[in-house]
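Student: I would like to go through this structure with you, starting with its charged side chains. Could you bring it up, please?

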Amino acid sequence: MPYVSIRVAGKLSREQKKNIAQGVTKVIAKETEKPESSILIFIDEEQRENIAKGGKLLDE
C-alpha cells in the first residue's frame with residue numbers, strides 16, 4: 001500500500017487538498033501500477049512560525 005506524506009507551510013483550502021489528493025493519487029497509481037484505492041495521502045499543514053529557511057522563521 002503506497003502512502004504519500006505532504007507537508008505544507010500554512011493552510012490549504014478543502015478544494016486545494018482535494019485537488020492535490022486526486023492529482024497525486026493518479027500519478028502514484030500510474031507509476032506503481034497499484035489501484036488508486038490502495039493509496040494513502042497525508043497532508044500536514046504546518047504553522048509558518050514552526051518552519052525556518054535560511055536561518056529565519058517563515059512568518060518573519
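Student: Which residues are linked in a network of salt bridges?
Tutor: This is a predicted model, and in it K11, K17 and E45 form a network of salt bridges.

Student: Where do K11 and E45 sit, and how many residues apart are they?
Tutor: The side chains of K11 and E45 meet at 3.8 Å, N to O. That pair links distant parts of the chain, with K11 in the loop between β1 and α1 and E45 in strand β2, 34 residues apart.

Student: And what is the N to O distance for E45 and K17?
Tutor: The salt bridge between E45 and K17 has an N to O distance of 3.3 Å. Here E45 of strand β2 is linked with K17 of helix α1, 28 residues away in the chain.

Student: Is K11 buried or exposed?
Tutor: K11 counts as exposed, at 72% relative accessibility. E45 is partly exposed at 26%, and K17 is partly exposed at 29%.

Student: How many salt bridges does a search of the whole structure find?
Tutor: The search finds three. One of them joins the side chains of E46 and R7, at 3.2 Å from N to O. E46 lies in strand β2 and R7 in strand β1, so this pair ties together parts that are 39 residues apart in sequence. R7 itself is exposed, with 60% relative accessibility.

Student: Changing topic: which residues make the nonpolar surface patch?
Tutor: M1, Y3, L40 and F42 make a patch of about 500 Å². M1 belongs to the segment before β1 and is exposed, its relative accessible area being 71%.

Student: What is S38 in contact with, leaving aside its neighbours within four places in sequence?
Tutor: S38 is in contact with M1 and P2. Its place is the loop between α1 and β2.

Student: Why does S38 count as buried?
Tutor: S38 counts as buried because its relative accessibility is 17%, and the cut-off for buried is under 20%. A polar atom of the S38 side chain also lies 2.8 Å from the backbone oxygen of P35.

Student: Last one: which residues does I28 touch, not counting those up to four places away in sequence?
Tutor: I28 touches P2, V4, E33 and I39. I28 is placed in helix α1 and counts as partly exposed, at 23% relative accessibility.

Student: What separates the C-alpha atoms of I28 and S13?
Tutor: The C-alpha atoms of I28 and S13 are 22 Å apart, with the two residues 15 residues apart along the chain.

Notes:
Residues are numbered from 1 along each chain as its sequence is written. This is a predicted model: local features need pLDDT of at least 70, side-chain atom pairs count only at pLDDT 80 or more; totals for chains, interfaces and linings use all residues. Side-chain values use heavy atoms; hydrogens and water are left out. Helices (H or I, at least four residues) and strands (E, at least two) are DSSP runs, numbered from the N terminus. Buried means under 20% relative accessible area, exposed over 50%, partly exposed in between (1.4 Å probe, protein chains only). A polar contact is a pair of N or O atoms within 3.5 Å; within protein, one must be able to donate a hydrogen and the other to accept it, and residues adjacent in sequence count only if both atoms are side-chain atoms. Contact means heavy atoms within 4.5 Å. Patches are made of residues with over 30% relative accessible area and no salt bridge: like charges are joined within 9 Å, nonpolar side chains (Val, Leu, Ile, Met, Phe, Trp, Tyr) within 5 Å. Accessible areas come from the Shrake-Rupley method with a 1.4 Å probe; for residues, only the protein chains shown count as cover. A salt bridge is a side-chain nitrogen of Lys or Arg within 4 Å of a carboxyl oxygen of Asp or Glu.
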